[in-house]
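Reader: I have the model open and would like to understand the words used to describe it. Could you take me through them?

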Amino acid sequence: MRHVNIPVFIPHLGCPNQCVFCNQRTISGVGEFRADDVIGIIDRALLTIEEDAEVEIAFFGGSFTGIDRELMISLLEIGYSYIEKGRVSSLRCSTRPDYIDIEILEILRKYGVKTIELGLQSTSDKVLEKSKRGHNFEAEQKSCLMIVDHGFNLVGQMMIGLPGADPQSEIDTAEFIISAGASGARIYPTVVFKDTELACLCRCGEYEPLSIDEAIARSSAVLERFIDAGVEVIRIGLQASENLSDEDTYLAGPNHSALGELVIGEVYYNKICKKLAQVNAGADDNISVSVARGSLSKAVGQSKRNKRRLSEKYKSVRFTESDKISSFEVLVDIKNGENKCT
């Protein structure tokens, strides 16, 4: 059964904080919010979704559990009415770690919320402070524990390339999300938008945004941790939309329309290279790479990026699919007088 989210964006409502990277109106593409529009948003979306899909209404964009309590409950009531009619299966919301407590969780459970997406941008207190998140790692630990203990699905939203972050701090964040019991994650390389404090830091040389290649390398290291742990990565990079690359909003950083595809391809490339190193593959070898059925384009890489790089190192490179191989598993076969495979 296909899972479909109906996103209802609530830009920056409920958030008392202004993180250095945040321009929520730009990211969501929504400049203002009208509660009266919510039913129309949901009804229009339902008209485009097949009847046998598993549908979820998702309150995204702001810190949902921090908005005015009356507004929050009225939105939950709207969402729950669709559950009662059998038109959607559940609700989900995104929020901040410091806006989770027992009372809030009981309200969310009452109205059919099953999944809570939590902004866990980093587990480093240094990075959280430099990013002006307004909370520390301890708040993240407490909120994750409460969410999982109350039976909700937890999705951790982390970022790559924040001020003060490095590859190890990002891996530490991914490993915390895994250990906290998350069922899913999102990976967002930091993009610099105009009208943010990060834009000012960038212009004056106090912050250097990641290049595309740096974002791919650091995101793929994190993605591999999630894959190995069986945690589904829902998204890599911001949702593609015209306003994110518009010169009036975008300033700098790895905002690429195929970023997710590039990062997944890099995971395959790294796995292939490790396998080839294990069998001491040489420049004169003919390389055959086998991956799971349906994974061929991911392994070959976006615009055949991986095949091109491997072809520069080895005599020939061939990719095949097999029903006997699991997702993200890689097998290599080397031929040059003798066969070597792993």
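Author: Gladly! The buried residues of helix H9 pack against strand E5 (153–160), helix H7 (167–179), strand E6 (184–189), strand E8 (232–236), helix H11 (259–278) and helix H13 (305–311). Contact here means heavy atoms within 4.5 Å. This is a predicted model, where local features need pLDDT of at least 70 and side-chain atom pairs count only at pLDDT 80 or more, while totals for chains, interfaces and linings use all residues. Residues are numbered from 1 along each chain as its sequence is written, and side-chain values use heavy atoms, with hydrogens and water left out.

Reader: Which residues of H9 are called buried?

Author: Buried means under 20% relative accessible area, exposed over 50%, and partly exposed in between, with a 1.4 Å probe and protein chains only. In H9, the residues Ala 215, Ile 216, Arg 218, Ser 219, Ser 220, Val 222, Leu 223, Glu 224 and Phe 226 are buried.

Reader: What makes H9 a helix, and how does its reach compare with the span expected at 1.5 Å a residue?

Author: Helices (H or I, at least four residues) and strands (E, at least two) are DSSP runs, numbered from the N terminus. Gly 230 follows H9, and its phi is positive, near 75°.

Reader: Why is strand E10 described as largely enclosed?

Author: Of the 7 residues in E10 (residues 286–292), 6 are buried, so the rest of the structure largely encloses this strand.

Reader: How do you know that E10 pairs with E11 and E12?

Author: Two strands pair if DSSP finds at least two bridges between them. E10 and E11 (residues 316–322) share 7 bridges in the parallel sense, and Ser 290 stands opposite Thr 320 in E11. With E12 (residues 331–335), E10 has 5 bridges in the antiparallel sense, where Ser 288 has Asp 333 as its bridge partner. Both therefore meet the cut-off.

Reader: What makes E1 and E8 edge strands?

Author: The open sheet has 7 strands in the order E1-E2-E3-E4-E5-E6-E8, with parallel pairing. Strand E1 (3–9) and E8 each have a single partner strand, so one side of each lacks a neighbour in the sheet. E1 pairs with E2 (residues 54–60) over 7 bridges in the parallel sense, and Ile 57 in E2 is the bridge partner of Ile 6.
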